[in-house]
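Biologist: I am new to this kind of model and would like to learn how to read it. Could we start with the place where two chains meet?

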Amino acid sequence: MDKLYSLTATQMKDLLDKKEVTSVEITKSVIDRIEKTDKDIQAYITYNFEQALEQAKAADEKRAKGEAVADLAGIPVAVKDNMCTKDLRTTAGSKMLGNFVPPYNATVVEKLLADGAVIIGKTTMDEFAMGSSGENSAFQVARNPWDTSRVPGGSSSGSAATVAASQVPLALGSDTGGSIRQPASLCGIVGMKPTYGAVSRYGLIAYGSSLDQIGPMARTVDDTAMLFKAICGRDKMDATSKDYTYTPYGAGVKGMKLGLPKEYFGEGISAEVKEKIYAAVEVLKAQGAEIVEVSLPSTDYALSAYYIIACAEASSNLGRYDGVKYGYTGSKRGSLEEMYLSSRSEGFGEEVQRRILLGAYVLSSGFYDAYYKKAKMLQKAIRKEFEDALKQCDAIITPLSPTTAFRIGEKSDDPVAMWAGDICTVTLNIAGLPGINVPCGFDSNNMPIGFQVLGPKFSETTLLTIAKCYENTVGGFAVKEF
Amino acid sequence: MNSNYEIVVGLEVHAELSTETKIFCGCKNKFGSEVNTNVCPVCMGLPGTLPVLNEQVVEYAIKMGHALNCKINGTTKHDRKNYFYPDLPKAYQISQFDIPLCENGYLDVLVGDNVKRIGVTRIHIEEDAGKLIHDDKMGGTLADYNRCGVPLIEIVSEPDIRSADEAKAYLDTIHTTLLYLGISDAKMQEGSVRCDVNVSVRPAGSQEFGTRVEMKNVNSFSAAHRAITYEAARQIKVLEAGGEILQETRRWDDVKGVNVLLRSKEDAQDYRYFPDPDLLTFTVPQEKIDELKASIPELPVAKTMRYMADYKLSRADSELLALNKNTAGFFEAVIATGKCEPKSVSNWILGDIYKVLNERRCEITDLALTAENLAEMISLIEKKTISNAAGKTVLEVILDADKDPNEIIKEKGLAQVSDTGALNAIVEKVLANNEKAVADFKNGKTNVVGFLVGQCMKESRGKGNPAMLKDMVVAAIESM
Amino acid sequence: MEIDIKRLAKLGKLSIPEDKIEEFRKKMEDIIQMVENLPDLDTEGSLVDPENTMELRKDEVQPSSPRDEMLKNAPYTAAGCILIPKVVD
């Protein structure tokens, strides 16, 4: 069969179940595709082809014996390089972990392996997930398949790019301030940040622990749901994870109330983006959804609260990279202090160092109350605001990224401009709520636009239903021929 | 000590808890294993790992809180204390900052014959760090992470301590309390209890505190006594010379008996405490807190006071009996039989039995000895059925075998002869053979009666009732 | 607002080259300015969240990891330990 790599995971599963193809055939096709296209996309830091073929073979054998298999059995999945994979290099996109080979698997990786999934490789990302363009990677900058001179978004750059380029059907990303949804939006695919606690963080190399969440990325809603179903649920190794029972979603929005918060449609959002999102809202309205206006006035402050909390946690989380136990060790080892300073200054990139400094600043004696504590108090207020708004509707629709993908290098010297791009996504992480990117067309440069659907805690089923309704109504999402 | 000054001491005691596993992972909490064998990705702080709190740690710490009369904060959290050191794999210690599990308590300790109440500011739970081994041969320092994540409680006292003796009494009482509760091995030599000492001095009668100096590396309670004595004298000398005490941290060198400057106030660390995002708030239900309170046994100081008051035992004996939970329990079990006098029980336990415990390096509960058998043996002495010497023979048997002392007496023929006829014959015989002693007695040297009774005991092969023999010897000489 | 980059670098154990300090300070000040627009909020009280609590773990032993596995990523090891520059305390 031709172009097996371009199938969705749902299609692959059907063919595998009908025994029309084998996982080895699919995996070989995917490997071949990656080998042919990845020099242009640069989606992977580390390939896992040899192991992937073994995993494919094992899945085929299980199916051949007629054993019950999980949905993901034999299906290739890409994993962002900040999730630990036993005996497979895991770098978090940093020189600091350039040679780090974890002795254990992240819980999500264990779950994928237990389901018989095929782990094809580790994807390119901004260093320690700090970035919104992919340009902060210590290794390479992943490209947007729709225009390889443009960024794919970040920090789950490679995961978005590999799925959008039809190298694999599924990828795991992680989202601290928009790192799944924003690259999904910029690459024209579906990406969901689950409710905080819905997916285990054990084995996810931490950036902002109270905000980080792993989630699925795929070209269709069904595929997104398939991957989410495989990874969600409470994990005894993660004290912040919660019981979660996956429930099937529908495709109808009739009678649903969808909120539009005016604060998210202000000056900062490009006219083209706004136009496409209003059009998407009309599509849902035509399917029977009721549109109501809601207000989320604290949104203006969310970006500040986000950067304070994320950087404070990051400055502490990244203390462990000291040249002692693993990872990069500095060129100077004359004394302990020299080893610390050279390891960390040589091992971390500039953006990471900047965030460590900001984190140290907002936690330092005399500034804690004014910054960190105030940001945490603000977080409570934002949560409350979302709770109230979500009492008036089933879900809220907003833009996802203020603009479409920009050119590589365009913003890289202006951290404030770069950080400001996260305005629509960070509130969800602050509030701990789930959100999904739904592709909804293209701008004049033919770059993808997406809208965000967000809902109350553990409302993933509702979000998937709305996304599925839109997908069905518009006849599916465009796939880049590449 | 210069009496123009008063010493003010506050103590921070760190005690390792004797749980099965570490505080945040399932690795064994065990001392003395081969280096880096009780470790896993979590306690080694590998990227991506997360802590999960051990409920036993919380329960043990609450027990200590109850024992030290603290308020228990049933809703609390963990905070990160950030600093770099190679024994701290995550570069932060998971501790508790603004809401300790227990706070506002006190501990009564005995200092001389007085009870002194010392305030306990707080008790919080935290993780221990690893161990650094200095090795010149390797040209560096070796890091062993086995101790990383061993659960600790930190007990912080109020600056209520006014002398090195009070400090020592406080530390000893904390130590016995930990053992009583069964929550720590409290072995100083293994470093499972450690303390930091804060010392200041002020002119006698002053209400304001002087500048305090913190001392690290105080590795035993007797070292604490020496370190406080030294530091107070150092501060007084500085003040007397017109100098000023600087807020600083000093390192105690117990071998040399001096301390040296470790860091001054300017170098004080900024730990940037903040709530650990990997651990959510946790709550302990009030019923659980109450249940733990009900499980607290009578503690050593209370026991000491009770033994002195109820049994009229000396302060020293009471304290010695109360010191060890097993010994105290055994003592009380013997008393509870109602068969014998507390004073005799105390004498036997602290005398012959203690000797055996020391020789065998064991606990009283490790012996076959039962409270019932010891009570019976002592009561037989008190009833004069057997002599004290025969009691020792019985003890030798019942230490290692659960056997009725009455049977032992029968088997070994240890019963005292109290039959006047039989004893009269012995007395007559001894007096006849010791004319000189009899004459001495008559001439007023009445203490020879001891010698004569001894001779009678010898003649009776130890079975004569010595009290009866004494009366009979005196009566016989006087009627001569 | 003057940001003491050297002090922050010391806390974060980073050595920022002298000729880069000014650039860092400039960018940091822009960022601080951005995050400074927080509303007036009461910061009294503690950050406990009794509505979102965690389960505790039973005190049951789980197997530890093989030492070789745990030390395999360390740059320098000796005698079953990680070797670091001499520490004087």
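Biologist: How many residues does the contact take from chain A and from chain B?

Modeller: Contact means heavy atoms within 4.5 Å. By that rule, chain A brings 38 residues and chain B brings 30 residues. Keep in mind that this is a predicted model, where local features need pLDDT of at least 70, side-chain atom pairs count only at pLDDT 80 or more, and totals for chains, interfaces and linings use all residues. Residues are numbered from 1 along each chain as its sequence is written, chains are lettered from A and ligands numbered from 1 in the order in which they are written, and side-chain values use heavy atoms, with hydrogens and water left out.

Biologist: How much area do chain A and chain B bury between them?

Modeller: The size of an interface is often given as the accessible area lost when the parts come together. Here chain A and chain B bury about 2,700 Å² (accessible area lost, 1.4 Å probe, summed over both), and 63% of it is on carbon and sulfur atoms. Of the area that chain A buries against chain B, 20% comes from A:Ser316, A:Arg320 and A:Lys325, more than from any other three residues.

Biologist: Which residues form the salt bridge between chain A and chain B?

Modeller: A salt bridge is a side-chain nitrogen of Lys or Arg within 4 Å of a carboxyl oxygen of Asp or Glu. The rule finds one across this interface: A:Arg201 pairs with B:Asp278, their closest N and O atoms being 3.1 Å apart.

Biologist: Now the backbone. What is phi of B:Asn217, and where does this residue lie?

Modeller: Most residues other than glycine have a negative phi, and most peptide bonds are trans. B:Asn217 has a positive phi near 65° and lies in strand E12 (residues 213–218) of chain B; strands are DSSP runs (E, at least two residues), as helices are (H or I, at least four), numbered from the N terminus. B:Arg272 also has a positive phi, of about 45°, in the loop between strands E14 (258–264) and E15 (274–275) of chain B.

Biologist: Is B:Arg272 buried or exposed?

Modeller: Buried means under 20% relative accessible area, exposed over 50%, and partly exposed in between (1.4 Å probe, protein chains only). B:Arg272 is buried at 8%, while B:Asn217 is partly exposed at 30%.

Biologist: Which peptide bond is cis?

Modeller: The bond from A:Gly154 to A:Ser155 is cis, with omega near 10°. A:Ser155 sits in the loop between strand E3 (118–123) and helix H5 (157–164) of chain A.

Methods
Buried area is the accessible area (1.4 Å probe) that two parts lose on being put together, summed over both.
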